[in-house]
Amino acid sequence: MQLTDTHAHVQMRQFDRDREAVLARAAAAGVARMICPGVDAATSQLAIDLAAAHPATIFPCAGVHPHDTTAFDDATLGEIRRLATEHQVVAIGEIGLDYFRNRAPAEDQKRAFGAQVALAQELGLPIVVHNREAHADIMAALRPLGTVRGVWHCFVGDRAMAEEGLSLGMYLSFAGPVTYPANTTRAEVAAWAPLDRILIETDCPYLTPHPNRRDRNEPANVAKTAARIAELRGMTMAELATATNANAAALFDLPPLDDSAPRKGAS
Ligand SMILES: [Zn+2]
Ligand SMILES: [Zn+2]
């Protein structure tokens with residue numbers, strides 16, 4: 001069985017010491033592909049470089065995370081545009097609004113989000129959206145577009161919020177928090193969401209699934225999130241893997257992943 005981790009920051013410094021071992025564990029766990037979002041121009045470039053070293057396994061995105069949008073200006077946007085046009089990136093991301101940590105002023109966050117959404121539309125790329133306590137403002141920015149090709153990453157909202165995202169045509173991606181025993185709302189949404197619109201991710205190095213929440217997260221752990229969602233939905237993990245691989249391929253325009261083919265090196 002193969003899996004797609006649709007949100008893995010494997011280019012980040014937290015993996016500098018043992019990145020190849022982390023990627024080897026991912027492969028051993030069946031993680032055939034990873035989408036690697038940037039959080040600023042530098043980490044977008046690192047994602048592009050890492051993808052060049054691991055073609056067909058790592059697919060990079062370029063974007064500025066809401067935390068890093070202080071003083072976001074035309075030069076910043078120009079840098080993301082250059083990365084996205086000169087290299088094969090699969091999305092603009094991660095972008096969004098974060099009113100929980102508020103590391104950048106809300107006005108800077110909104111300006112950066114709007115400009116990067118417009119860039120994605122201009123380039124015909126999907127968006128990877130980060131939302132913390134900013135659902136209304138994100139919907140206000142996206143609703144006028146009618147249809148949005150994108151994913152609501154690490155979706156932690158309720159069913160009403162999920163329905164709003166789905167109504168735009170977006171995908172919902174579930175991460176480690178869906179495995180936290182106390183969280184019934186997330187579990188309900190993961191059990192209910194349409195099978196053709198869900199994705200799985202780690203958001204590593206953050207959001208390690210239960211029961212190792214204090215540890216650094218890594219792509220191999222996406223199997224734990226997949227197992228939990230399959231259990232919640234009453235389906236086999238193989239069925240969930242097939243569906244979420246196909247959804248990731250559709251959203252990010254990846255080459256099809258043949259689930260029936262034996263993996264290279266598998267006996
Ligand atoms: Zn995020
Ligand atoms: Zn992230």
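Visitor: Which residues does Gly176 touch, not counting residues up to four places away in sequence?
Guide: This is a predicted model, in which local features need pLDDT of at least 70 and side-chain atom pairs count only at pLDDT 80 or more, while totals for chains, interfaces and linings use all residues. Residues are numbered from 1 along each chain as its sequence is written, chains are lettered from A and ligands numbered from 1 in the order in which they are written, and side-chain values use heavy atoms, with hydrogens and water left out. Contact means heavy atoms within 4.5 Å. With residues up to four places away set aside, Gly176 touches Glu201, Leu207, Pro209 and Thr225.

Visitor: Is Gly176 buried or exposed, and what is its relative accessible area?
Guide: Gly176 sits in the loop between strand S7 (171-174) and helix H7 (184-192); helices (H or I, at least four residues) and strands (E, at least two) are DSSP runs, numbered from the N terminus. Buried means under 20% relative accessible area, exposed over 50% and partly exposed in between (1.4 Å probe, protein chains only). Gly176 is therefore buried, its relative accessible area being 1%.

Visitor: Which backbone oxygen lies 2.9 Å from a polar side-chain atom of Gln109?
Guide: Gln109 belongs to helix H4 (residues 106-123) and is buried, with a relative accessible area of 0%. A polar contact is a pair of N or O atoms within 3.5 Å; within protein, one must be able to donate a hydrogen and the other to accept it, and residues adjacent in sequence count only if both atoms are side-chain atoms. At 2.9 Å from a polar atom of the Gln109 side chain lies the backbone oxygen of Ala104.

Visitor: Which residue bridges the zinc ion (ligand 2) and the zinc ion (ligand 1)?
Guide: The two zinc ions, ligand 2 and ligand 1, lie 3.4 Å apart, and the bridging residue is Glu94. His7 lies in the loop between strand S1 (3-5) and helix H1 (19-28) and Glu94 in strand S4 (residues 91-98), so the pair ties together parts that are 87 residues apart in sequence. Both His7 and Glu94 are buried.

Methods:
Donors = N, O, S within 2.8 Å, 3.2 Å for Na, K, Ca; no water.
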